[in-house]
Amino acid sequence: MESLNRMATELIDEAIDFAEELTIDVHALEGDAAVLDFGVEVPGAVEAGLLLAEIQTAGLATVQSAMGTVAGAPLTHVELSTDHPALALLCSQKGGWELSTEGFEGLGSGPARALVAEEEIFERVGYRESDDFAVLAVESDRLPDESVAEAVAERTGVPETGVFLPTFATASITGSVVAAARAAELAVFRLTELGFDPVSVLSANASAPVAPVAGDEETAMARTTDALAYGGEVHLTVDESFDRFDEVASVAAAEYDRPLAGVFEDADWEFAELPVELFAPAQVTIDVVGGDTHVVGSTSEDVLAESFGLDAQ
């Protein structure tokens with residue numbers, strides 16, 4: 001298998017080749033790093049979001065849209081499946097890089113994290129890589145500048161000419177689509193945090209509704225989290241049993257049972273003050289090969305309808 005960054009770069013090339021059709025803008029910075037605007041100064045798009053989710057998972061996941069319903073209303077859903085959960089979801093898709101330079105703040109996800117491999121999850125999986133390319137998806141309401149590209153190049157050991165920064169705002173069509181593609185990642189990461197061996201997760205399949213695009217980043221963060229915590233559904237296949245499977249699903253329905261915008265406001269948007277169990281999919285089925293099947297959690301369509309502002313006529 002090629003490196004995660006090299007596989008993601010092939011998808012970046014596709015994004016550049018079809019930028020107009022995907023409504024993506026491409027900008028070259030002074031050091032020849034490339035910034036791809038997936039949804040900051042452009043509104044974003046569903047197909048752009050699906051491709052970006054593939055980029056974030058380094059091409060090791062199949063990502064597609066499907067129609068579903070929430071409280072009787074037809075809504076777009078995102079479905080993701082992978083037979084490489086540890087690499088695709090934890091070593092690539094997961095957000096774990098706090099980007100901060102003068103005048104810029106963002107959260108990085110994608111395979112460039114594997115070039116640094118300082119997060120504990122890389123030790124758990126036993127993976128790191130070295131490459132001439134670094135692909136870091138950036139969640140921010142501003143496009144990265146030269147200082148960001150320099151910081152990424154320095155930390156990854158990649159020349160700036162090999163740095164690619166696909167960027168999106170949470171409050172964009174792309175942002176809503178990319179968030180909905182994270183249900184499986186949240187389930188596998190939550191399972192790992194509970195002490196389960198991530199390499200023992202053999203496959204992951206998931207679906208979540210695409211939240212309506214909000215008018216600001218905070219509302220968008222709350223809605224996209226609602227989409228996962230109250231509407232995300234995940235099916236995992238694992239090769240060993242575990243005594244904490246019942247803790248994998250989100251506690252949102254049990255502890256709050258209301259849109260999370262109010263919960264976040266009560267905590268002054270300090271996510272560290274909230275239970276980590278909140279940030280997980282609503283319902284998870286876990287099949288143990290040769291063993292039991294565990295179903296935990298439940299979806300809450302009434303809460304989603306309130307969060308999304310669905311007004312059925």
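**Entry 1: a helix pair.** Before reading off any angle, I reminded myself that axes are lines fitted to C-alpha atoms, for helices over the stretch in contact, with angles running from 0 to 180 degrees between N-to-C directions. I also kept in mind that this is a predicted model. Then I looked up helix 1 (residues 4–17) against helix 3 (residues 46–56): their axes come within 8 Å and cross at roughly 160 degrees. Angles over 145 degrees count as roughly antiparallel, so helix 1 runs roughly antiparallel to helix 3. The crossing of helix 1 past helix 3 is left-handed.

Next I asked which residues of helix 1 and helix 3 meet. From helix 1 I noted Ala 8, Leu 11, Ile 12, Glu 14 and Ala 15, and from helix 3 Leu 51, Glu 54 and Ile 55. By type, this contact of helix 1 with helix 3 has six nonpolar residues, two charged and no polar ones.

**Entry 2: Gln 56.** I stayed in helix 3, where Gln 56 sits. Is Gln 56 buried or exposed? Its relative accessible area is 4%, and buried means under 20%, so Gln 56 is buried. I then found a polar contact of 2.8 Å between the side chains of Gln 56 and Ser 109. Setting aside neighbours within four places in sequence, I listed the contacts of Gln 56; among them are Ala 88, Ser 92, Gln 93, Gly 110, Pro 111, Phe 168 and Val 178.

**Entry 3: Glu 102.** For a contrast in setting, I went to the loop between strand 5 (95–101) and strand 6 (104–109), where Glu 102 is placed. Glu 102 has a relative accessible area of 78% and is exposed.

**Entry 4: helix 9.** How many of the eleven residues of helix 9 (residues 183–193) are buried? I counted nine, and the helix is mostly covered. The buried set includes Glu 185 and Arg 190, along with Ala 183, Leu 186, Val 188 and Leu 191. Just after helix 9, I noted that Gly 195 takes a positive phi of about 115 degrees.

**Entry 5: helix 13.** In helix 13 (residues 301–308), I found Val 303, Leu 304, Ala 305, Ser 307 and Phe 308 buried. I looked up what covers them, and the cover includes strand 3 (62–70), strand 4 (73–82), strand 10 (201–209) and helix 10 (217–229). Gly 309 follows helix 13, with a positive phi near 70 degrees.

Key
Residues are numbered from 1 along each chain as its sequence is written. This is a predicted model: local features need pLDDT of at least 70, side-chain atom pairs count only at pLDDT 80 or more; totals for chains, interfaces and linings use all residues. Side-chain values use heavy atoms; hydrogens and water are left out. Helices (H or I, at least four residues) and strands (E, at least two) are DSSP runs, numbered from the N terminus. Angles under 35 degrees count as roughly parallel, over 145 as roughly antiparallel, 65 to 115 as roughly perpendicular and the rest as oblique. A crossing is left-handed if the near helix is turned anticlockwise from the far one by less than a right angle, and right-handed if clockwise. Contact means heavy atoms within 4.5 Å. Ala, Val, Leu, Ile, Met, Phe, Trp, Tyr, Cys and Pro count as nonpolar, Asp, Glu, Lys and Arg as charged, and the others, Gly among them, as polar. Buried means under 20% relative accessible area, exposed over 50%, partly exposed in between (1.4 Å probe, protein chains only). A polar contact is a pair of N or O atoms within 3.5 Å; within protein, one must be able to donate a hydrogen and the other to accept it, and residues adjacent in sequence count only if both atoms are side-chain atoms.
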